[in-house]
Each structure stands twice: as structure tokens, then as C-alpha cells.
Amino acid sequence: MTHLKLFLSSCFIFFFSHSTFSQITDSIPPGVYDPLINKIDSSIKLHISDIQFEGNKKTKTYILLRELPFKKGDSIIVSFLAQELEQARTQVYNINLFSEVTVVPYWISATEITVKITVREKWFIYPTPQFQLVDRNFNVWLKTFNADLNRVVYGVKFAHYNFSGRGDQLRIYFLNGYSRNISFSYNAPYSNSKLTEGFRVSAGYLQNREIAYKTTAANTLAFFKKPGFVRNNLFFGLSYQSRKGFFKRNFYSITYSRINIHDSIINKKYNPNYFNSDKTSIGIADFSYSYVYSNTDNINYPLKGKSYGFTALKRGLGFSGGVNMLLLSAVYNKYIPHARHWYSSLQAYSKIILPFNQPYINQRSIGYADYYLRGLEYYVIDGVASAVTKYTLKKKLLSFRIKVPFHIRAVPVIPFNFYAKTYADLGFSYIQKQFDTRLNNRFLYSSGFGLDILSLYDINVSLEYSFNQLGENGLFLHAKSGF
């Protein structure tokens, strides 16, 4: 009886696949597969006779094959087919070279399929004019400096995010204005024949017309400014990366910087602890190792999966004195999908710097980059040991696409997704007593609600209304690019 049922099911699927299945799969969105799969005996193995790609005009096919959890000639049990195809779609999308990825099975026979992967490549070349802020974030520039247009950097940035079709990135900057930046970087993540190793090289010359020379008791930055440039930085960097499998990466980096600052900065009037030295010109050598695990549905705006990592950085050749330090940091992110388009996430960051007696330039902690509490964007909390935890609950409100009125192959439509959210953050930053401020060595907390707008190339604009422990509240704007 079992053989008869299997034979009838196979005949039905074989006939259907040759008549109407291709029309049905053409309209299947990513991650959704034909319900007829569920009618086949779940223990049957499907043989992958071929893997076909369409749309990768610049990207090398072997780069895409490297990201697939299966290869030509493999067999997949029917009950795991949808899961495997969705995993393939996610991993190809997370190369971050495509705006759309579709994975569809085409039936050759009852036990044999061809997998077709269709991608839409992003724009890769950006020779664009630049208009950048020198401040830590948009909110500080707007409120603290009243949107002063003198505090901007302008110039030209050339970026190619797929230089040779192997996912390699080339960036060249020629920026002037309140700061000056002449630099380049080249990152080749797939540089060997097995596509398991890569490297990054960078160099540049940076100049600043003002620098933060200390953090005030009120947790704001005090700036030193004189005519001309008060800080010059010449740097070189080299990094090697290893990636065995799909989700784990190891990074080994060496960076050398030669920094010169204005003589007045290390005076008693300003901050003699800036370098923890009486020198105004020093060389800084950094040696670092990082381990990163990332398995999420969207590398730029994850809703499902997890990622975590660890970094050990040794600055200087000694252990204490001057700018010598050992930094240990860790991060953990968990993203959980719920029913009815609800999602939650938990993010945790921590770091410790040894020894605790550090110069000012080594004490950066909460308030920089993504290491901040929502609602405390106007403040910096220095420290040698710190931790931040963020919890977010969000609901997808609506999703739609707007067709571009003129023909652009790379951008036929502009997608929009709206997520309402509420959140709560906790934090703590320890610093030695002589550097204590009103927010150091104290329990920090904030909360709020907001709206995330996700659009083309995973550009994310966040509008957040936050409350902090100081009794302050306000609207904050954050934006992230999909590259």
C-alpha cells in the first residue's frame, strides 16, 4: 500500500511539475514554496540535478555557490526542502550585494529538482559628493551646535562594493572642511581559491580643526580649537580574516598610527592625561583578534537569529604606562520572531580595559557608535569597564512598494516597511575616582517608543522618543545605510 501511495503521489507531482508548476513558482516570493511538497512522503530524498543563477551580471557565480548550504549532486529530504531553500536565500542575501534574492525549485521528476536562484544586484559604484557631520551623531549636531554648517566635512567619496565581482570593496576619500580625510581601504573577503580567507588593507592621513580633550563632569565633551589643524593622524592597517563554514569568522589585525596634537592640549589648563605622557607626538601600534558568529535573516536589519562576538586588542608593546592597554570586549544579539508580525530582540555589550589607569584617549566607552543608551545620545560616559543591555519589542505595521516612474534595472521599485517599537536600555560604566562624573559608576537606564522605516538597500531611519533617568525626554533621529 505504501508503494502504491508513493507511486501515485510521484506520478501526480511529475505531471503537475511539467504542466503548471513553473507558472506557479514564478510568483512565489522568497521563503515561500509550493504546498504540493507537503503531499509527498516526507522521507523521500530529492536529488539536486542542477543549480542555476540569474541576475548576477557582476558577481561571480562561484561566490554565490560558496554561500549555499547544498551543492549540485546533493540530496535533500522533502521535509527539509523549504528550510534548506530559505537558508540558501538568507545566506546569499547576507553577502550584502543584492536587493532581492529568490530561490525556487523546479521539478525534473518526482525525485529530482533544479534549484534556480534569481538575484537583483545593488548599485556597486558610488562616486558621490560628501556632506558629513563631525559630531558623534545627528542629535548632538542639531541641539548642541544648532545645526552649524561650519561643522561639516565635504568632498568626494569613491566606493566600489564589488570591485572584481568577488564581494571586494574599494573606498577612496578626499574630504575637506572642518576635518580633512585623505584615505583608502580595500577589503577582499574571498582572496584564496577555497574562498575561506581574505584580507583588508587601509591607509590615510586625517586632520582635525578641533578635538575633544576631556569629558566634563556633566558628561559632555570639551573641545580644543585653534586656527589651523590641532590634530594630525597618519595611519596604516592590515587585516587577515578566516572563514570556515558559513557563520564563523576570525579576524587578525595590525594597525599603526602616528598622532600629533597641539602643544597646549597636554597643559594643566586642558588635559595632561590626554596621552598619559608629556609628549605631543606618539606612535600607537594596535594588535587585535576578533571572533564573530552571525546567523540572522538579514545582516542589516535582523528579525530572526543570533550573533555574537569577542575581541581582544593589545595597544602598545608594554602593559602599563603611556597608551599601553589590553581591551577585552564581547557582544551578544538575539532576535526572536513572534506570531502576527511581532518581534523582539535582546542586545548586550560589555568591555574591560586593563590596567584601569589609562590615558584619556583610551577611556572611550558609552556614547560612541552603537555603544549607547537610547535617550542618552547627548552624553558620553567614559570608563574602563562597562556594559549595555538593550531590549526592543516591535510590530510590523505595513509594507508596500512604490514603482520607479523611469526605467532603472537595479531599482525597479522602492520598498517601504514600517515597524512600531518600544524599548528599554540598561547600562553601567566604571571609571577611577579622579575621573568620576554624574553618570559614571552609576546604574543607567532609559526607555521609549519609536518607528523604524526600512527602505531600499536596507536603509533604516529610526524616529525614537526616549526618556532617561535624568528626567529628560525628547525625539531622536538615527539612520543606517545598508552598505
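Tutor: Start with V115. Setting aside neighbours within four places in sequence, V115 is in contact (heavy atoms within 4.5 Å) with I48, D50, I51, Q52, F70, L85, V103 and V104. This is a predicted model, where local features need pLDDT of at least 70 and side-chain atom pairs count only at pLDDT 80 or more, while totals for chains, interfaces and linings use all residues. Residues are numbered from 1 along each chain as its sequence is written, and side-chain values use heavy atoms, leaving out hydrogens and water.

Now step back to the core. A nonpolar core is a set of buried Ala, Val, Leu, Ile, Met, Phe, Trp, Tyr and Cys residues joined through side-chain atoms within 4.5 Å. Buried means under 20% relative accessible area, with a 1.4 Å probe and protein chains only. The largest such core has 31 residues. V115 is among the members that touch the most others, along with L68, F70, F98, V101 and I117. Two or more residues come from each of β1 (45-54), α3 (61-66), α4 (81-93), β3 (98-109) and β4 (112-121). Helices (H or I, at least four residues) and strands (E, at least two) are DSSP runs, numbered from the N terminus. The most comes from α4, which gives five residues.

A second core is separate and has 20 residues. Among them are A212, I266, Y270 and V380.

Last, the whole chain. The protein chain has 483 residues, and 46% of them count as buried. Five helices and 22 strands make up its element list. Of contacts between residues at least 6 apart in sequence, 58% join residues at least 24 apart.

Notes
Buried means under 20% relative accessible area, exposed over 50%, partly exposed in between (1.4 Å probe, protein chains only).
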